[in-house]
Amino acid sequence: MRLMCASANPDKVAEIAEILASCDVELLARPDSVPEVIEDADTLEGNARLKAAALADATGLPAVADDTGLEVDALGGAPGVWSARYAGENASYEDNIDRLLAELEASGANEAAQRNARFRTVVIVRWPDGREIVVDGVCAGTITAERRGDSGFGYDPVFAPDEAGGRTFAEMQPVQKHAISHRGRALRALADTLGTQ
Ligand code: IMP
């Protein structure tokens, strides 16, 4: 099966290709002629659908897209769907982490037990005729008081998954992170679904 990939991030594309190779999916890069969509839906699923549908409509091939958010209980689920833009439209990863730590401090959630959070990824495969597969993956953990580790990206330095013995995602090797991560879980769920079709 040939699947257009909405993401242009090389690390994500490699991860998606590696996991979907197990069910004979050939991942195709998004043509430059297809513009990026504005991700203005108010749910992860809505944003993933916008990206997948735009690509499927433009190319006539099925397309896969994902969207991820970090949900922090003490902040009522924020930043959630706004994770990439938490500190503003052109915010850097550092700006977003600064805001997250400041909001948690302001909320009085200073103990680890008050800093529960989870990453959630929604992945959609969409066919040009409107058929869809929708799967998700979740990784639960806590937000640390300070940044730790140098690998990964985004909120990795302040997210300690429950299954990692206190390490943050940024203190793990990519292969260890992918084994328990939200995106890894969502993609394996997709591979399972595609493999049984
Ligand atoms: P996207 O939907 O994958 O582009 O993710 C939206 C935002 O969530 C990114 O800009 C990152 O800030 C954050 N994010 C997504 N996945 C991860 C991850 O695996 N680790 C840390 N942050 C992530």
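Helices (H or I, at least four residues) and strands (E, at least two) are DSSP runs, numbered from the N terminus. This is a predicted model, in which local features need pLDDT of at least 70 and side-chain atom pairs count only at pLDDT 80 or more, while totals for chains, interfaces and linings use all residues. Residues are numbered from 1 along each chain as its sequence is written, and side-chain values use heavy atoms, with hydrogens and water left out.

Two features of the backbone may be considered at the outset. Strand β4 (residues 79-80) contains P79, and the peptide bond that joins A78 and P79 is cis, with omega about -5°. In the loop between α1 and β2 (26-29) lies D24; D24 is not a glycine, yet its phi is positive, at about 60°. Most residues other than glycine have a negative phi, and most peptide bonds are trans.

The ligand is surrounded by 14 residues, and the closest of these are K12, D156, K177, H182 and R183.

For R183, the distance from a side-chain N or O atom to a ligand oxygen is 2.9 Å. A polar contact is a pair of N or O atoms within 3.5 Å. Of the 470 Å² of accessible area that the ligand has on its own, the protein covers 89%; such areas come from the Shrake-Rupley method with a 1.4 Å probe.

The ligand sits in the largest pocket, a placement that requires more than half of its atoms to lie within 2 Å of the pocket's grid points. A pocket is defined on a 1 Å grid over the protein atoms alone, as an open set of points where a 1.4 Å probe fits, with protein on both sides within 12 Å along at least five of seven lines; lining residues have an atom within 4 Å of a point. About 1000 Å³ of space lies in the largest pocket. Its lining has 38 residues, of which K12, E39, K51, D67 and A84 are closest to the centre. Strand β3 gives the largest share of this lining, six residues.

The second largest pocket has a volume of about 290 Å³. Among its 14 lining residues, D11, G152, F153, K177 and H178 lie nearest the centre.

Terms used. Near = heavy atom within 4 Å. Polar contact = N/O pair within 3.5 Å; in protein donor to acceptor, adjacent residues only side chain to side chain. Points joined across faces, edges and corners; volume = space filled by probe spheres on them.
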